[in-house]
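Here is a short briefing on aromatic ring pairs. Look at the structure first, then read the points below.

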Amino acid sequence: MAKATRMQRIPGFPVGRDPHSVRQRVTAMEKLLERSFTIPGTRQTVGLDALIGLIPVGGDVIAAAMGLYMIWEARNIGMSRGAMLRMAGNVGFDWLLGLIPGVGDVADFFYRSNSRNLRIIKRHLDKHHPATATIDR
């Protein structure tokens, strides 16, 4: 019997390349990057994408790399090249906006590339793997 890796020992952490595990991971990544924190006194949410983006140049590169993780997961479930190119375009556009001082920081609140990419992945999963569908609140 193979020894369990550290990630496999974390309860509730989905491992594997099956569509259900991928859906859980990309949903968690999108929440981390786009909706982790609520701004006090408002209903506006922000995530690591906006916070890391405050670091000049390097922050935007790190945020883009984290966004590319969702594209890698999309490849694991066999999404089409066209859909993955759309996702890459979303991440690239967000990255380019982030390079503009001031404008990029504000744009992170309004242009949420990871949320857009999650919708693309969910659409694919709902069509090709309907058993993974969940009821969203």
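Trp72 is partly exposed, at 43% relative accessible area. Here buried means under 20% relative accessible area, exposed over 50%, and partly exposed in between (1.4 Å probe, protein chains only). This is a predicted model: local features need pLDDT of at least 70, side-chain atom pairs count only at pLDDT 80 or more, and totals for chains, interfaces and linings use all residues. Residues are numbered from 1 along each chain as its sequence is written, and side-chain values use heavy atoms, without hydrogens and water.

**Tyr69 and Trp72**
- The whole structure holds two aromatic pairs. Rings of Phe, Tyr and Trp (its six-membered ring) pair if their centres lie within 6.5 Å; planes under 30 degrees apart are stacked, over 60 edge-to-face, the rest tilted.
- The planes of Tyr69 and Trp72 stand at 35°, with centres 5.9 Å apart, so this pair is tilted.
- Both residues sit in helix α3 (residues 58-76), three residues apart, about one helical turn. Helices (H or I, at least four residues) and strands (E, at least two) are DSSP runs, numbered from the N terminus.
- Tyr69 is partly exposed, at 26%.

**Phe93 and Tyr111**
- This aromatic pair is edge-to-face, with 5.0 Å between centres and 75° between planes.
- Phe93 lies in helix α4 (residues 81-98), and Tyr111 in the loop between α5 (103-110) and α6 (113-128), 18 residues apart.
- Phe93 is partly exposed at 42%, whereas Tyr111 is buried at 14%.

**Confidence**
- The chain's average pLDDT (the predictor's confidence in each residue, from 0 to 100) is 86, and 88% of the residues score at least 70.
- Among the chain's elements, α4 has the highest mean pLDDT (95) and α5 the lowest (84).
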